[in-house]
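These are my notebook entries on one structure. I set down what I looked up, entry by entry.

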Amino acid sequence: ASEPFNQPNGSSSSFILVGVPSLEAFPTCWGILFCSGYIITLVGNGVVLLVIGLENSLRDPIHWFLAMLAVIDVVMVTSIVPKMLSIFWLKSPEIGYMACFVQMFLVHSTTSVESGVLLAMAVDRYVAICHPLRYQTILDRQTIAQIGLAIVVRALLFIIPLAGMVTRLPYCRSRVVPHSYCEHMAVVKLACADPRPSGLYSVAGSSLIVGMDMAFIAVSYGMILKTVLRKKLCWKAFSTCGCHLCVLLLYYVPGIVSIYAQQFSSGVSAHAQVLLADLYLTLPTMLNPIVYSIRTKQIRQAVLKLL
């Protein structure tokens with residue numbers, strides 16, 4: 001597995017995924033853990049998409065954004081978990097050169113898109129609370145489609161230069177990737193050339209996207225707070241934002257910790273880095289539909305009606 005390969009563009013080129021470094025002795029346990037999370041993610045987000053599609057009362061802007069979030073979550077976990085299960089259960093750690101980079105770019109693009117959708121949901125809450133009479137007019141279907149397109153285009157503008165930088169690197173060292181999926185920094189460290197430019201671009205781009213989105217989200221909630229304090233409707237208004245705030249914490253806190261742990265890894269053990277990255281991609285996608293189903297009365301009632 002550690003033999004070098006000098007022609008990564010050849011048909012026989014591949015990488016070897018370790019799984020969880022130093023914890024490889026428990027493949028069945030890891031497989032059960034991630035398989036259970038994957039099933040919960042598929043079922044939870046599938047139910048959310050189904051009730052939004054079937055229930056006419058759930059056709060307002062916030063539920064369209066929630067449907068976008070559910071689709072992104074499914075794509076994100078599907079890009080990594082099936083391969084992880086093949087490592088843990090089928091003893092099949094090999095992944096093709098192109099498949100590895102497709103997986104890497106899916107992870108980067110979906111995380112960028114998800115951050116954009118969370119920002120759009122914050123804007124939706126701002127309009128709903130601060131301009132309730134103009135809510136449907138401001139956020140009509142055309143505007144929602146334009147917002148979705150802008151989010152996707154932004155992710156592509158970030159990922160295309162990164163794709164060019166990473167795929168042009170010569171990979172002639174070890175084929176072993178000390179990770180459970182093709183995480184960007186773990187792969188580029190195997191290159192013969194200097195991987196720092198792509199690493200710095202990735203961290204700078206991710207920090208810019210996350211920082212910009214978090215800043216706009218903070219501004220949105222600042223304006224919401226100003227409005228509700230003036231109208232003395234704090235509890236009622238913030239109860240409508242509770243789900244979104246929970247999802248924001250689930251997504252951004254593990255994400256920021258994982259990104260900087262991968263880049264500045266001197267004080268973090270290898271298995272801790274891998275588990276952080278795995279949980280960052282799987283835990284929010286599993287909990288998002290549960291949070292919305294429990295805390296949103298409309299979705300909860302629609303789910304019970306469907307059942």
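I noted next that the model is predicted. I found an average pLDDT of 83 for the chain, and 90% of the residues score at least 70. I then turned to residues 1-12, where pLDDT stays under 50. For this stretch the model has 22 contacts beyond four places in sequence.

Tyr 251 belongs to helix α9 (residues 234-263) and Tyr 280 to helix α10 (residues 270-295), so the pair ties together parts that are 29 residues apart in sequence. I checked Tyr 251 as well: its relative accessible area is 4%, and it is buried. I also recorded one aromatic cluster, formed by Phe 15, Tyr 97, Phe 101, Phe 105 and Tyr 171.

My last entry concerns helix packing. Helix α1 (residues 27-54) packs against helix α11 (residues 297-306) at an angle of about 90 degrees, and their axes are 10 Å apart. I therefore described α1 and α11 as roughly perpendicular to each other. On the α1 side I listed Val 47, Leu 50, Val 51 and Leu 54, and on the α11 side Ala 302, Val 303 and Leu 306. By class, this contact has 7 nonpolar residues, no polar and no charged ones.

Definitions and conventions: Residues numbered from 1 in each chain as written. Predicted model: local features only at pLDDT ≥ 70, side-chain atom pairs only at ≥ 80, totals over all residues. Heavy atoms only, no water. Helix = DSSP H or I, 4+ residues; strand = E, 2+ residues; numbered from the N terminus. Buried < 20%, exposed > 50% of the residue type's maximum accessible area, 1.4 Å probe, protein only. Phe/Tyr/Trp six-rings, centres within 6.5 Å; stacked < 30°, edge-to-face > 60°. pLDDT = per-residue confidence, 0-100. Contact = heavy atoms within 4.5 Å. Axes fitted to C-alpha atoms, helices over the stretch in contact; angles between N-to-C directions. Parallel < 35°, antiparallel > 145°, perpendicular 65-115°, else oblique. Nonpolar A, V, L, I, M, F, W, Y, C, P; charged D, E, K, R; others polar.
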